[in-house]
Amino acid sequence: MFDGRRQPIVSREQKLVYAGIYVLKKMDLKPADGGIEMPLVLPSELTPLQDVLQELVNADLVEVNRRKARFEITKKGVAYLGEIIDEAEALIEEFDEESVEDAVDELRRRNVDLLRARFLWGWYDGELDDLVLFQQRRGATPVESWWADYLMSDALYEALISDFTSA
């Protein structure tokens with residue numbers, strides 16, 4: 001029987017992909033630029049990323065460096081990150097001057113995944129670099145203070161797609 005719960009707009013598999021893209025960027029950046037080293041034994045605030053890191057390892061995008069006790073991006077991971085950057089840059093270059101409505105109409109016409117387009121746009125332009133600030137700017141209450149929890153939540157993806165669904 002229906003209990004009033006909505007179907008999530010993003011599947012667990014999609015979350016793993018988007019979170020993987022996000023984590024790769026965090027791992028690729030220098031700490032001074034907002035980057036992070038991913039230790040093999042994750043601290044409690046990063047444990048929601050355990051499955052994400054395992055998927056990245058399975059895809060050979062990240063490897064385990066036991067000597068340094070951390071995860072590291074592989075050459076394949078760097079190449080994948082480059083492909084994602086190219087995809088995001090192409091979206092921004094094409095649609096930056098368009099109204100949201102026109103961009104959404106064109107993306108729908110092309111059968112492009114709107115959530116992926118929106119995620120990549122925010123990921124590339126830095127809007128998602130600080131997920132606490134992202135929530136605060138949108139007036140979210142309560143604000144999830146652990147970014148890994150928010151990255152793996154439905155709330156992030158609902159906030160992103162709401163920018164397009166209102167168009």
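These are my notebook entries on what I looked up in this structure, which is a predicted model.

**Entry 1: salt bridges**

I began with the charged side chains, and the count for the structure came to 13 salt bridges. Among them I looked up the one in which the side chains of Lys15 and Asp154 meet, with N and O 2.7 Å apart. I noted that this pair links distant parts of the chain, since Lys15 sits in helix 1 and Asp154 in helix 8 (residues 154-165), 139 residues apart. How exposed are the two partners? Lys15 has a relative accessible area of 12% and is buried, whereas Asp154, with 27%, is partly exposed.

I then turned to Arg118 and Asp163, whose side chains also meet in a salt bridge, at 2.7 Å from N to O. Because Arg118 lies in helix 5 and Asp163 in helix 8, I recorded this pair as one that ties together parts 45 residues apart in sequence. Arg118 has a relative accessibility of 7% and therefore counts as buried, the limit for that word being under 20%. Asp163, at 25%, counts as partly exposed.

Next I checked Glu72, which forms a salt bridge with Lys68, where the closest N and O atoms are 3.9 Å apart. Here I found Glu72 buried, with a relative accessible area of 16%, and Lys68 partly exposed, with 41%. Which residues belong to the network around this pair? I listed Glu37, Lys68, Arg70 and Glu72, which are linked by salt bridges.

**Entry 2: a charged patch on the surface**

I looked next for charge gathered on the surface, and I found a patch of negative charge made up of Asp96, Glu97, Glu98, Glu101, Asp102 and Asp105. I placed one of these residues, Asp105, in helix 4, which covers residues 100-109.

I placed Gly126 in the loop between helix 5 (114-125) and helix 6 (131-137), and with a relative accessibility of 24% Gly126 counts as partly exposed.

**Entry 3: aromatic rings**

I searched the whole structure for aromatic pairs and found 5. The pair I followed up is that of Tyr22 and Trp147, which is tilted, with the ring centres 5.6 Å apart and 40° between the planes. Why did I note this pair as a tie between separate parts of the chain? Tyr22 lies in helix 1 (residues 12-28) and Trp147 in helix 7 (residues 147-151), so the pair ties together parts that are 125 residues apart in sequence.

**Entry 4: backbone details in the loops**

I went through the backbone for positive phi values in residues other than glycine, and I recorded Ala69, whose phi is near 55°. Ala69 is found in the loop between strand 2 (62-65) and strand 3 (70-73), and at 39% relative accessibility it counts as partly exposed.

Asn111 likewise has a positive phi, of about 60°, although it is not a glycine. I placed Asn111 in the loop between helix 4 and helix 5. Is this residue buried or exposed? At 69% relative accessibility, Asn111 counts as exposed.

Where is there a cis peptide bond? I found one from Thr141 to Pro142, with omega near -10°, and I placed Pro142 in the loop between helix 6 and helix 7.

**Entry 5: one further distance**

Last, I looked up Gln54, which has its place in helix 2 (residues 50-58) and counts as partly exposed at 39% relative accessibility. I took its distance to Pro39, which is 15 residues away along the chain, and noted that the C-alpha atoms of Gln54 and Pro39 are separated by 13 Å.

Technical notes:
Residues numbered from 1 in each chain as written. Predicted model: local features only at pLDDT ≥ 70, side-chain atom pairs only at ≥ 80, totals over all residues. Heavy atoms only, no water. Patch = residues over 30% accessible without salt bridge, like charges linked within 9 Å, V, L, I, M, F, W, Y side chains within 5 Å. Areas by Shrake-Rupley, 256 points an atom, 1.4 Å probe, with all protein chains shown as cover. Salt bridge = Lys/Arg side-chain N within 4 Å of Asp/Glu carboxyl O. Lys, Arg positive; Asp, Glu negative; His and termini not counted. Charge placed at Lys NZ, Arg CZ, Asp CG, Glu CD. Helix = DSSP H or I, 4+ residues; strand = E, 2+ residues; numbered from the N terminus. Phe/Tyr/Trp six-rings, centres within 6.5 Å; stacked < 30°, edge-to-face > 60°. Buried < 20%, exposed > 50% of the residue type's maximum accessible area, 1.4 Å probe, protein only.
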